[in-house]
Amino acid sequence: MIEFELPERYVAIRDEARALAGRIAHVAVEADAMSDAVHPEVLAALRDSGLADLVVPGAHGGRFDDVDPLAVCVAREGMMGTSAHLDSLFALQGIGSYAITRGGTPDQQAHWLPRVGRAEVLAALALTEPVAGSDLKSLTTTIERTADGLVVRGEKAFISNAGHAAFYTVLGREGDGWSVVLVPADAAGLSTEPSPEIIAPHVLGSVVLDDVVVDESHRLGEPGRGFDLVLSTLAVFRVSVAGAAIGLAEAALAEATRHATEREQFGRPLARLGAVAALLADSWTDLEQARLLTYRSAARARTDPLAALPHSSMAKLAASEAAGRIVDRCVQVMGRWGLIRDSTIERLYRAARPMRVYEGASEVLRLGIAKALTDEHAAGVR
Ligand SMILES: Cc1cc2nc3c(=O)[nH]c(=O)nc-3n(C[C@H](O)[C@H](O)[C@H](O)COP(=O)(O)OP(=O)(O)OC[C@H]3O[C@@H](n4cnc5c(N)ncnc54)[C@H](O)[C@@H]3O)c2cc1C
C-alpha cells in the first residue's frame, strides 16, 4: 500500500519546530528586519530547542545517524511561517557545515560539528562572488598549496551569516579544479562587511580573503573535487527550501482565510464572493500539490541524496514558485490590510521572493531538471 501521510516521527519534528517558532513569535518582526546582526533571543531559543542537532550526523551529536533531508524539511516548514530569520539560522547550520560532515578530517569534525549541532557556533557556506552567481565555475577565489599551508585569496559576496559565523566553508579554484577549505572566522586576513539590505532582510555579507593561510588539515574533501561536496550539500539541503516554502505558503493562506471569513462586503464574507473563493481554492490546491512533491522528494533524498537531486530541484522549483503565487493571491484577498508594512502577510510576501533566487534560481533548476530527464531518456529509463 502507498503511504501518503507523513510518518508520526516527522509530524513530531514539525510540531517541535512550530513550538520553537511560537516561542520567538513575539520578536519575529524585529528579528526578520535584521540584516547585520543575529537576534540573541532567536539564537538562544534555537539552542535551547535542541533542533539544530537535526543537521549534524549522530557520531557528532546529531539526532539521526545521517542528516535526514525529510526531518530538515519539516523543521523548516514549522519555522518559516513565523520567522525567516529563525529559518535561516537553522538551515545555515547544516548548509554551512555539511562539507565538514562529508569531507572533514576526524579532528575537524570533532572540533566543529558538535558545536554546530548545539548552535553554539554559526556556520556559513561561501560560494557566491561579486561576479560569479549561478555560473559558479567562473569564480575567481584561489586556493594555493604552499610550504606554509593553503593560501586562500578572493572575495565572496551575499554570504548568509557573514560577520557572525565561526567558520566559512569556502569554494575556490585550485589548479585546474575547484577545492573546498574551512576558513575559521578569526584567521588572519579574513574580513567581512554587510551586503546591501534586500527586500526581506537577511543576515548577509561579503567575506574578503586577503592571502589567508590555513593548515592543510582545513581542506575539506579531495583537492580539485570541491564540486562533489557542493553537490552533496545541495542534494541534502535543497529540498528543505521547499519545506520552508510550504510553511510560508501555509501561514499566508491561514492569514487570508481568517480575513476572508471575518470581513464582509456586499453582505457576505469575502470568502463567499466567487472571485475571492477562487483565489483561496487555487492557493490551497497549489499548496497541497507542492507539499506532496516536497515530502516525496525529501523521502527520496533520505535514501540516496545525489540520485534524488533532480527531484529535490523539482520540489524546490515547484514549492518556491507556488509560495510566490499563493502569497501574492493572499495579499489580494486581504485588500488594503495585505499591504500594511510589517504585518504578517506583508512580511511573508517579501520573504517569499528570495526563495526563487537562492540555492538554485528557478531558471537554472529547470536546466538541471531537463538535463536529468534527457539523460534518463538516453539511458532508456524513460
Ligand atoms: C537571501 C540570500 C541568501 C544567500 N546566501 C548565500 C550563501 O549563504 N552562500 C552563497 O554562496 N550564496 C548565497 N546567496 C547567493 C545566491 O546563491 C545567488 O544569488 C544565486 O546563486 C543566484 O546567483 P545571482 O544572484 O548572481 O544571479 P545570476 O546568476 O546573475 O542569475 C540572474 C538570473 O539569470 C538566470 N540565469 C542564470 N544562468 C542561467 C542560465 N544558464 N540559463 C537560464 N537562466 C539563467 C537566473 O535564473 C536568474 O533569474 C544568497 C542569496 C540570497 C538572495
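Residues are numbered from 1 along each chain as its sequence is written. Because the model is predicted, local features need pLDDT of at least 70 and side-chain atom pairs count only at pLDDT 80 or more, while totals for chains, interfaces and linings use all residues. Helices (H or I, at least four residues) and strands (E, at least two) are DSSP runs, numbered from the N terminus.

Two packed helices are described by the angle between their axes and the distance between the axes. Axes are lines fitted to C-alpha atoms, for helices over the stretch in contact, and angles run from 0 to 180 degrees between N-to-C directions. Angles under 35 degrees count as roughly parallel, over 145 as roughly antiparallel, 65 to 115 as roughly perpendicular and the rest as oblique. A crossing is left-handed if the near helix is turned anticlockwise from the far one by less than a right angle, and right-handed if clockwise. Residues are in contact if their C-beta atoms, placed from the backbone, lie within 7 Å. For residue classes, Ala, Val, Leu, Ile, Met, Phe, Trp, Tyr, Cys and Pro count as nonpolar, Asp, Glu, Lys and Arg as charged, and the others, Gly among them, as polar.

Helix 1 (residues 8-24) and helix 3 (residues 40-49) have axes that come within 10 Å and cross at roughly 150°. The two helices are therefore roughly antiparallel to each other, and helix 1 passes helix 3 in a right-handed crossing. On the helix 1 side the contact involves Glu-16, Leu-20, Arg-23 and Ile-24, which meet Glu-41, Val-42, Ala-45, Leu-46 and Ser-49 of helix 3. By class, this contact has five nonpolar, one polar and three charged residues.

Helix 4 (residues 69-80) packs against helix 5 (residues 84-103) at an angle of about 160°, with the axes 8 Å apart. Helix 4 is thus roughly antiparallel to helix 5, and their crossing is right-handed. Val-72, Ala-75, Arg-76, Met-79 and Met-80 of helix 4 meet Ala-84, Leu-86, Asp-87, Phe-90, Ala-91 and Gly-94 of helix 5. The residues of this contact divide into eight nonpolar, one polar and two charged.

For helix 7 (residues 226-262) and helix 10 (residues 344-352), the packing angle is about 150° and the axes are 10 Å apart. This makes helix 7 roughly antiparallel to helix 10, but the crossing is left-handed. Leu-248, Ala-251, Ala-252 and Glu-255 of helix 7 make the contact with Thr-344, Ile-345, Leu-348, Ala-351 and Ala-352 of helix 10. Seven nonpolar residues, one polar and one charged make up this contact of helix 7 with helix 10.

Strand pairing requires that DSSP find at least two bridges between two strands. Strand 1 (residues 123-126) and strand 4 pair in the parallel sense over four bridges, with Ala-126 opposite Val-170 in strand 4. Strand 4 is also joined to strand 5 (residues 177-184) by eight bridges, and these two strands run antiparallel. Here Thr-169 has Leu-182 in strand 5 as its bridge partner. The hairpin of strand 4 and strand 5 has two residues between the strands, and Gly-175 takes a positive phi near 60° in this hairpin.

Burial is assigned by counting other C-beta atoms, placed from the backbone, within 10 Å of a residue's own: 20 or more is buried, 12 or fewer is exposed, and in between is partly exposed. Eight of the eight residues of strand 4 are buried, so this strand is largely enclosed by the rest of the structure. In a regular strand the side chains alternate between the two faces of the sheet. In strand 4, Phe-167, Thr-169, Leu-171 and Arg-173 on one side and Tyr-168, Val-170, Gly-172 and Glu-174 on the other are all buried.

Strand 7 (residues 204-214) runs antiparallel to strand 3, to which eight bridges join it. Strand 7 also runs antiparallel to strand 6 (residues 190-194), with five bridges between them. Val-208 in strand 7 is the bridge partner of Glu-155 and also of Ser-191.

Asn-161, in the loop between strand 3 (149-160) and strand 4 (167-174), has a positive phi near 75°. Asn-161 counts as buried, with 27 C-beta neighbours inside 10 Å. Phe-266 has a positive phi near 55° and lies in the loop between strand 9 (264-265) and strand 10 (268-269). Phe-266 is exposed, with 7 other C-beta atoms within 10 Å.

Terms used. Two residues are in contact if their C-beta atoms, placed from the backbone, lie within 7 Å.
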